[in-house]
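Let's take a friendly walk through this structure together.

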Amino acid sequence: MTNQETQEQTLERTLFLNGTIAEESWFDDDITPKLFRDELFAGNGDITIWINSPGGDCVAAAQIYNMMMEYPGNVTVKIDGIAASAASVIAMAGTRVLVSPVSMLMIHNPMTAAMGDTSEMQKAIAMLDEVKESIINAYEIKTGMSRAKLSHLMDAETWMDAHTAIDMGFADEILARPAETPVENNATGPMLFSRAAVTNSLMDKLAAKCRIKKPETPERSVDSLMERLDLIKQYI
């Protein structure tokens, strides 16, 4: 790939966002904003980010979303498994969003755990309302859908397959095999399965491997057969 400003050849990089999104990782198995920042800005040029994540911390997801929005190159997001909850917010930062034919995208209301008296519960409710509004901002920018409709979709916990995600504006196109990749088809006719044919073929191969000879059927001459017929006629 050629940089149009410097005319330098740059390779398009690929990152994989697989797993739960969290502020910190205790066992190095979560995606954190710090880890993502280190990988994202380790190079330059256009980048492809594959997403397969059930979601996680919405604040951490917001940080990753902002990093991708501020990245100077093109960011192509490819969803190959699932982009649910907070991961769906991250996907919205892609310059282009491509979805696998077998992938899923899910949006829902933010959740939290709270304890305390009614005042604390009311604070938690107010906080969740504001978090929801911030999430709707990302969906609205990508889809152009009204905030009221997006809110209803989140209330219902909406799951989308590839076609629905494209129809609703959450994705741009479906991933397909590259056009330059030849597809070999060595089939010469209808593909049929016959248990008897498979069994016979297997027995022939075993017999050849073990050098087992098939029993030979003794041949009989025409004269001997006529003699046996004449003998049978005598008793009829």
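Predicted model: local features only at pLDDT ≥ 70, side-chain atom pairs only at ≥ 80, totals over all residues.

Let's begin with the whole chain. Its secondary structure comes to eight helices and seven strands. The protein chain has 236 residues, and buried residues make up 33% of them. If you take the contacts between residues at least 6 apart in sequence, 66% of these join residues at least 24 apart.

Now turn to a pair of helices. Two packed helices are described by the angle between their axes and the distance between the axes. Here the pair is helix H4, residues 118-143, and helix H5, residues 147-155. They pack at an angle of about 115°, and their axes are 10 Å apart. The crossing of H4 and H5 is right-handed. Which residues in H4 and H5 meet? On the H4 side you will find Lys132, Glu133, Ile135, Ile136, Asn137, Tyr139, Glu140 and Thr143. On the H5 side they meet Arg147, Leu150, Ser151, Met154 and Asp155. Sorted by class, this contact of H4 with H5 has five nonpolar, three polar and five charged residues.

Follow Thr143 first, and it leads you to Met168. The two residues are 25 apart in sequence, yet their C-alpha atoms are 6.8 Å apart in space. Met168 sits in the loop between helix H6 (162-167) and strand E7 (173-174). Is Met168 buried or exposed? Its relative accessibility is 18%, and the limit for buried is under 20%, so Met168 counts as buried. Setting aside neighbours within four places in sequence, Met168 is in contact with Thr143, Met145, Leu153 and Met160.

Of the 26 residues that line the largest pocket, the closest to its centre are Cys58, Val59, Pro110, Val131 and Ile135. The elements giving two or more residues to the lining are helix H2 (58-70), helix H3 (86-91) and H4. Which of the elements gives the largest share of the lining? That is H4, with nine residues. The lining as a whole divides into 17 nonpolar residues, eight polar and one charged.

While you are at helix H2, have a look at Ala62, which lies in this helix. Ala62 has 33% relative accessibility and so counts as partly exposed.

Our last stops are in loops. Ser85 is in the loop between strand E3 (75-84) and H3. Its phi is near 55°, a positive value in a residue other than glycine. Glu157, in the loop between H5 and strand E6 (158-160), also has a positive phi, near 50°.

Finally, find Ser100 in the loop between strand E4 (96-99) and strand E5 (104-107). Ser100 has a relative accessible area of 11%, so this residue is buried. Which residues does Ser100 touch, not counting residues up to four places away in sequence? They are Ile79, Asp80, Ala162 and Leu175.

Definitions and conventions:
Residues numbered from 1 in each chain as written. Heavy atoms only, no water. Axes fitted to C-alpha atoms, helices over the stretch in contact; angles between N-to-C directions. Helix = DSSP H or I, 4+ residues; strand = E, 2+ residues; numbered from the N terminus. Left-handed = near helix turned anticlockwise from the far one by under 90°. Contact = heavy atoms within 4.5 Å. Nonpolar A, V, L, I, M, F, W, Y, C, P; charged D, E, K, R; others polar. 1 Å grid on protein atoms, 1.4 Å probe; cavity = no way out; pocket = protein on both sides within 12 Å on 5 of 7 lines; lining within 4 Å. Buried < 20%, exposed > 50% of the residue type's maximum accessible area, 1.4 Å probe, protein only.
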